[in-house]
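The following questions and answers concern the fold of one protein chain. Please consult the sequence and the structure as you read.

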Amino acid sequence: MFQISQKEFYEQYRNILMDWIPSGASIAIAVENQFVYFASGHQNLSLEVGSKVPEDSMAYRVLKDRKKIDAMMDSSLFDIPYYASGYPLTIEGKNAAIIIVLPPLFHQDTKEELQFLTGKV
């Protein structure tokens, strides 16, 4: 059986998500009440692996409520508000959360809606 490090274990989540989230997004994983992984896509976002999950954070809410949370967050981490999504996980039988922080200026290009008029003449 192959043995991988804890960092390599959490990198698997990042590798899967990178196909789905925009470049510049950050990923944080918390297990119980501690951050165990962080990959920053932002130069001005810092979070320490091993640090306690703050009670006013999205990670804390996901860990506590055990449900997905999407929210526009205030400017406490950046100079401007940003959008984040949090998902509950279970890792090795422990409550966990993965948080995706989109780049502060990220916006999804919307495709032009097509309208069709159908009917009989």
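Predicted model: local features only at pLDDT ≥ 70, side-chain atom pairs only at ≥ 80, totals over all residues.

Contact means heavy atoms within 4.5 Å. Axes are lines fitted to C-alpha atoms, for helices over the stretch in contact, with angles from 0 to 180 degrees between N-to-C directions. Residues are numbered from 1 along each chain as its sequence is written, and side-chain values use heavy atoms, without hydrogens and water.

Q: At about what angle to β2 does helix α1 run?
A: Helices (H or I, at least four residues) and strands (E, at least two) are DSSP runs, numbered from the N terminus. Helix α1, residues 6-17, lies across β1 (26-31), β2, β4 and β5. Its angle to β2 is about 55°.

Q: Which strands stand at the edges of the sheet?
A: Strands count as paired if DSSP finds at least two bridges between them. The open sheet has 5 strands with antiparallel pairing, in the order β2-β1-β5-β4-β3. Each edge strand has a single partner, so one side of each lacks a neighbour in the sheet; these are β2 (34-39) and β3 (69-73).

Q: Within what arc do the buried residues of α2 fall?
A: Buried means under 20% relative accessible area, exposed over 50%, and partly exposed in between (1.4 Å probe, protein chains only). In α2 the buried residues are Met58, Ala59, Val62 and Leu63. They line one face of the helix, because the directions from the helix axis to the C-beta atoms fall within an arc of 135°.
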